[in-house]
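Hi,

Here is the structure I promised to pass on. Have a look at it first, and my notes on what turned up follow below.

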Amino acid sequence: MLSFNMSNNNNNKRDPQNNMKIHNDDQPNTEIKRWEKFSNWIHCICIVTFDLELGQTLESIYPRHITLSKQEISNICYLAFPDSNSGCMGDTTFTVRLQNSPGKSELRPEHKAYNGKCPPALQVNPAYYWGYVYFRQVKDISLPRGYFQKSVMVLSRLPFNNLFTKIVSLIAPEYFDNDVLSLEASCYNINQWPAPVPGVTLNLPLLGSVFQTYIPHQGNASSLIIQLATLNDIPTTIENQIQTSVEDLNLFEILHPVLSHIDMLWELVITAEPLIVMATSPTYCSAMVLALTRMISPLKYCADHRPYFTVHDSEFKQFTSKGQGPPPPVILGVTNPFFAKMLHHWPHTIRLGEDNGQNHKYKLKKNGSTKLLDSSPGVYTAYKPFLHKDKMIIKNLISGIHSRRPSEVQSALLRRHLLELTHSFMIPLERYIASLMPLFKNISPYKAAPAPLPFNPDDFFATLDNAGPQLTSGIKGDWVGLYKRFFKSPIFNGWFNMRYTELALKLQALQLEALSDANLKLWVQGKPEVEVVDMVLKLKNKINKCHEHDIPVSNT
C-alpha cells in the first residue's frame, strides 16, 4: 500500500478512501501556466521516504499542482530506493527510466521544437519519463528503524543524465538540511530558466549557483567534444558558475570491465538483443545501461531500456514471463539476485563485481551456458559475433592503462573507435536510402508528390561489393549477416522511419517548389471551378505541413 501525504492545498481534493490527491476540474489553468517554464525542463520533483508500516511512500510532489497516476506513484516509490540487498549507505545517485500512464504521451510545443533540433539520441520520448535519484541512508537512532532513508527524484522528459544528476545532487542535500523551503526555492529558480534550445549556451540559476550548459544541435550530434569546447570558450563571468554538459558519460571508466568484449557488445546493442546488467548497486547498473545505449552513437537506441529495474515494477511480468516467446528487445539494469533465477532464459548477461570490475579488468569470463549462471563477474552469452574483434583498440587502451593515460583520453579513444564502427556500418545504408529519392523530373506541380521508392534488402546487398563497410573499416567478417540481423531490430525500424519521413517531406518541399515555378494562370484556364478550389485547398494543406516541419516555402 502506498500513501500520498502532502500538505493541504485549497486547489486539491482528496479521495478519502486512499488519501490520493485527485484532479479538481475546477482548478484554474493559471496554476499550470504559472509553471510552464518549469515544465519545459522538469515534470516534477518527488520526495520518497520509508514508512515502517507502509514501506516506500511518496511523501510529497513539487510543484504541488502536479498529479500522478497510482501506477506511476508505485513505480516511482520502488525505483527511488536501492534494493535492500544493495547495502547502499550514505548518499547514492542513479538514473531510472519509467513508462508514463496512457493518455500522457502528448508532447509540449517546446519539446516538439526541441526534438526537431537536437540529436536523435537526446530526443524526448513521449511514452517515458527519466528519473534522476539522490538517495540517502544514514544511521539515526531517533527514528524507529534506526535509519534515515529518503530519496529525492527529479522526474523529467529530457535524457540529460549528467546535468540532472548534478542538479539533484545540489537540490537533495539542501532539502535534507533545510526541508521544504529549499525545494520551493529550487522550483522557483527552475521556473525562471530559458527554454531548452539546442545549439545555444544556457545559464540556469539554482540555489545560488549557475549551471552553464550547452545542448548539442542535430548538426553536431556525434560530438561531445563540441559541447565541452563550446563551454570552455565562454569566459566565466558569473560567480559560482558550474560548467557542465547535458550528457557526459566516461565510456572507458564504465565499460572497462568488459573491454575485451567491446565489439561483441556493440553488435548486441545495434541489433537490440535482450541484455541484463547485474550489479550490486543501482549506480553501477544504471551507468552501464546508459553506456551500452550510447555505444552506437550517433544512431539512436530505439529499443526499450531500463537503467534500474526492480521486481516491483508494473512491467515485471512482461519481462520475466517465459510463455510469451523470446525475451523482448530490452536492456535491463538490476541489482536483486532474484533476477538471476527469473531471467536465466535470457540470452545475454553482464554481471559486474562488487567494485564494478575494478579488480577484474579484462579477465571477465565468457560462458557459453547462460542457464546455470554462477555469481562470478563475467559476460554470459552463447552469441557468435559476425565481425572479427579489433585487437588494436584493446591493445591501445591497455597500453594507456600501463602508461597512466588520463581516463578522459581513454574514453575519447574508445568513443572514436565505436563512432567509426557505427559510421562504417551506417554509411552504406545512408547512401542506399538516398538513392530511393525519385528523380526531380518525375515531380509534377499538378500531381501529388511521389513517395520514396521502397526499401529492398537485396538491392542494398548488391551495393556492398563496391560501396560496403570495407571502404571505411578494416574490420573483417560477415557484414551481410549482421545487416540481416539489424533489419529485424527496432533500431533499424526507428532509423528507417526517421529517414523515410525526411525523404517524404523533402519530396513535398520539391513539389511545392515546382508548383511555385508553375504558371497557375495558364493551368486554371478551362478547368472546372471545383477542380481549381480543390487545388487551392491542397496547396494550403501542403504549406501548413511544411510550416509544421520547418520546411522552407517559397514566397512566389
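Let's start with Leu510, which is found in helix α18 (residues 490-517); helices here are DSSP runs of H or I with at least four residues, strands are E runs of at least two, and both are numbered from the N terminus. Leu510 is buried, with a relative accessible area of 15% (buried means under 20%, exposed over 50%, partly exposed in between, using a 1.4 Å probe and protein chains only). Its C-alpha atom is separated by 8.2 Å from that of Ala449, 61 residues apart along the chain.

Before you go further: this is a predicted model, with local features needing pLDDT of at least 70 and side-chain atom pairs counting only at pLDDT 80 or more, while totals for chains, interfaces and linings use all residues. Residues are numbered from 1 along each chain as its sequence is written, and side-chain values use heavy atoms, leaving out hydrogens and water.

Now the cores. A nonpolar core is a set of buried Ala, Val, Leu, Ile, Met, Phe, Trp, Tyr and Cys residues joined through side-chain atoms within 4.5 Å. The largest one has 124 residues, and Trp41, Leu255, Trp266, Leu292 and Phe486 touch the most other members. Helix α14 (residues 407-434) gives the most to this core, with nine residues. Domain 1 (27-248) and domain 2 (258-397) both contribute residues, so the core lies between them (the bounds come from an automatic or database domain assignment). Another core, of 12 residues, lies apart from it and includes Met278 and Phe316.

Helix α14 also packs against α13 (residues 391-402), at an angle of about 175° and with the axes 10 Å apart. Axes are lines fitted to C-alpha atoms, for helices over the stretch in contact, and angles run from 0 to 180 degrees between N-to-C directions. The two helices are therefore roughly antiparallel to each other (over 145 degrees; under 35 counts as roughly parallel, 65 to 115 as roughly perpendicular, the rest as oblique). Residues making the contact (heavy atoms within 4.5 Å) include Ile393 and Leu397 of α13 and Leu413 and His417 of α14.

Lastly, there is an open sheet of five strands with antiparallel pairing, in the order β4-β3-β7-β6-β5; two strands pair if DSSP finds at least two bridges between them. β4 (55-62) and β5 (90-99) stand at the edges with a single partner strand each, so one side of each has no neighbour in the sheet. β6 (residues 128-139) and β7 (residues 147-156) pair over 10 bridges.

Cheers
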